[in-house]
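Please read the following report alongside the sequence and the coordinates.

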Protein chains: 2
Amino acid sequence: MSPMLAGDQKLDSVPMQEPPRHFADDLVARLRQLGHPLCVGFDPFLERLPPLFRRGSMQPSDPQTAAAVEAFFDAVLDRLEGRVAVVKPQIAFFEALGSGGIAVLERLSAKARGLGLCVLLDAKRGDIGSTAEGYARAYLAPGAPLEVDAITLNPYLGIETLAPFVQKAQDHGRGLFVLTRTSNPGSADFQDRLLGTSETPLFEAVAASLAADAAALCGSQTGWSSLGVVVGATQPESAQRVREALPNSLFLVPGYGSQGAGARESLRGFRPGPAGLEGGIVNSSRAILYPDAAFTKETKAWEAAFDTALDRAITELGEAVAAG
Amino acid sequence: MSPMLAGDQKLDSVPMQEPPRHFADDLVARLRQLGHPLCVGFDPFLERLPPLFRRGSMQPSDPQTAAAVEAFFDAVLDRLEGRVAVVKPQIAFFEALGSGGIAVLERLSAKARGLGLCVLLDAKRGDIGSTAEGYARAYLAPGAPLEVDAITLNPYLGIETLAPFVQKAQDHGRGLFVLTRTSNPGSADFQDRLLGTSETPLFEAVAASLAADAAALCGSQTGWSSLGVVVGATQPESAQRVREALPNSLFLVPGYGSQGAGARESLRGFRPGPAGLEGGIVNSSRAILYPDAAFTKETKAWEAAFDTALDRAITELGEAVAAG
């Protein structure tokens, strides 16, 4: 990958009148305004959808199910506007609803971006050559049917396979979050294996391999890079090792809330900035989308329950950010 | 993962009158009949689609593009019926066409299965917990909108993350192909890294970790397992090492044809069976879908060009199988 070449191409392909966007600069500026790094995950668990939004059998094969999911996240987006910087749809759950589910995700992503929310697609894609190009085009090309601002990627097939995504990040101001150390118990199977006679586990080698691209994608405003990484909040030491390898990469931290990590733990690897700790986003899905009190048929009661869960996460993370 | 438990659940959930399907038994029986292991990859490269099928601008955002792709693979399926056992759609290229592309893939998969072709979805999915469940349900559950017979998986997140797919393979006779050593140049970045002080590269550790599940998914007719692996044809020594770790796993071998590996090389890791060498499927996409002679507007000329390319691959692989 040649950052110089990519930079030249960018100058050619972006119209002069349009200010060049930078994913990390834009996101970090917004996070500083808001004072918290909360990212709300969109995981449509059909059996947990509040009764207010349920329709038909709620089976994946029922066409009404996709409509119910759309109505729910449509209402969620209205409540998130101006409160959070970023939402993270988990595409697996939309894929489970077939092409109708993907159509819903297309409309929700467009609405979210229209509301000024950054859309980070949790797709964990990874493939070779022309197929990687296909995925990069599918999600990061301007005008793509399911255009988003950033995507999660799986590095198992090698650093070269990330190149089409890095190119799109350069050309169109997109963001990437590459899996390093995930938060699930089995992540140790391979990610923690020490390489050769070194003390370097695989996840750290992955992080180190990203350093050149990450440096090339640093923003001029904040210094943060549009090539970020996924680092499980349940792994504090891992976070420190990844941070050393990638000083300017934003972290996507899953595992806050229902997966058991607290707010302060989730900020390991963050560092002091002008508005408190910064350096990533912290995801919560279930604790915000499906609190017990939101299991209601009453609009006002649902709104109140949703806002309470959202406020709790925002306050908790905001306090941890401010405490430094 | 408990194979005993999975077995009990299967007895409960499958109606007694329906003979239980087994992916590997069914596929290997069909491969023996046909005398070759060719799998035809469905990679819709928009710029290479024969003029006979092109419509509109052929840009991803043009609604006519999905229709063109559908018309092309519809005609391809008609020519493949009875000639090959399995087709492998690469979902990335359908995702690049948005929900309309996924709808096309749903219809093509249903048609292929109706014609008696096995559909192996090349999706390389891998995620944790409930998300892995979501992917397994999306593609391997009976009645799913995009129901297929088998899927490719990425192991980076750990063996535990494969469990929902193994369960679906048990319950519904599906097949799995887990990435071990891929055929791209950058695959060495991580897959070839030696672990600890051993001589074991990562891809071999991945293979070894699959052994218990692979053994539990062996078929009673052929002895082959429904838990297969992806092993690049450009890596003959890797094929041997994976075969030693997984004696009964079917190989999905990419890289035959346009990626440079010959027929005999593609069969490394296969072994003698009742109808010649067996033990996997060998994929070819571009060499069959887009030979120069198929770039025509004439139906008869396209059919002849397609058949010629298909026959060449079948003959070449059939001879290598028979030569043993």
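This is a predicted model: local features need pLDDT of at least 70, side-chain atom pairs count only at pLDDT 80 or more; totals for chains, interfaces and linings use all residues.

Residues are numbered from 1 along each chain as its sequence is written, and chains are lettered from A and ligands numbered from 1 in the order in which they are written.

**Chain A**

The secondary structure of chain A consists of 14 helices and 10 strands, where helices (H or I, at least four residues) and strands (E, at least two) are DSSP runs numbered from the N terminus. Its C-alpha trace spans about 55 × 40 × 40 Å along the principal axes. The radius of gyration of chain A is 19 Å, which agrees with the value near 20 Å that a compact globule of 324 residues would have; this radius is taken over C-alpha atoms, and the globule rule is 2.2 Å times the number of residues to the power 0.38.

**Helix pairs**

Two packed helices are described by the angle between their axes and the distance between the axes. Axes are lines fitted to C-alpha atoms, for helices over the stretch in contact, and angles run from 0 to 180 degrees between N-to-C directions.

| Helix pair | Angle | Axis distance |
|---|---|---|
| α3(A) and α5(A) | about 15° | 9 Å |
| α6(A) and α7(A) | roughly 30° | within 8 Å |
| α5(A) and α5(B) | roughly 175° | within 8 Å |

With an angle of about 15° between them, α3(A) is roughly parallel to α5(A), a label for angles under 35 degrees, whereas those over 145 count as roughly antiparallel, 65 to 115 as roughly perpendicular and the rest as oblique. The contact involves, among others, V69(A), F73(A) and L77(A) of α3(A) and V104(A), L108(A) and K111(A) of α5(A), and by class it has 8 nonpolar, 2 polar and 4 charged residues. Here Ala, Val, Leu, Ile, Met, Phe, Trp, Tyr, Cys and Pro count as nonpolar, Asp, Glu, Lys and Arg as charged, and the others, Gly among them, as polar.

The axes of α6(A) and α7(A) cross at roughly 30°, which makes these helices roughly parallel. In this pair, A132(A), E133(A), A136(A) and L140(A) of α6(A) meet P164(A), F165(A), K168(A) and H172(A) of α7(A), a set that divides into 5 nonpolar, 1 polar and 2 charged residues.

**The two chains**

Chain B can be laid on chain A with an RMSD of 0.0 Å by a turn of 180° and a shift of 0.0 Å along the axis, the superposition being by least squares on the C-alpha atoms of residues with pLDDT of at least 70 in both. The two copies are thus related as by a two-fold rotation axis, and the same surface serves both, since 100% of the contact residues of chain B recur in chain A.

In total, 52 residues of chain B are in contact with 52 residues of chain A, contact meaning that the C-beta atoms, placed from the backbone, lie within 7 Å. On the side of chain B that touches chain A, α4 (91-95), α5 (98-114), α6 (129-140), α8 (188-191) and α9 (202-209) each supply at least two residues, and the largest share, 6 residues, comes from α6(B). The residues of this side divide into 25 nonpolar, 19 polar and 8 charged.

Across the two chains, the axes of α5(A) and α5(B) cross at roughly 175°, and these helices are therefore roughly antiparallel to each other. Their contact is made by G98(A), S99(A), I102(A), A103(A) and E106(A) together with G98(B), S99(B), I102(B), A103(B) and E106(B), and by class it has 4 nonpolar, 4 polar and 2 charged residues.
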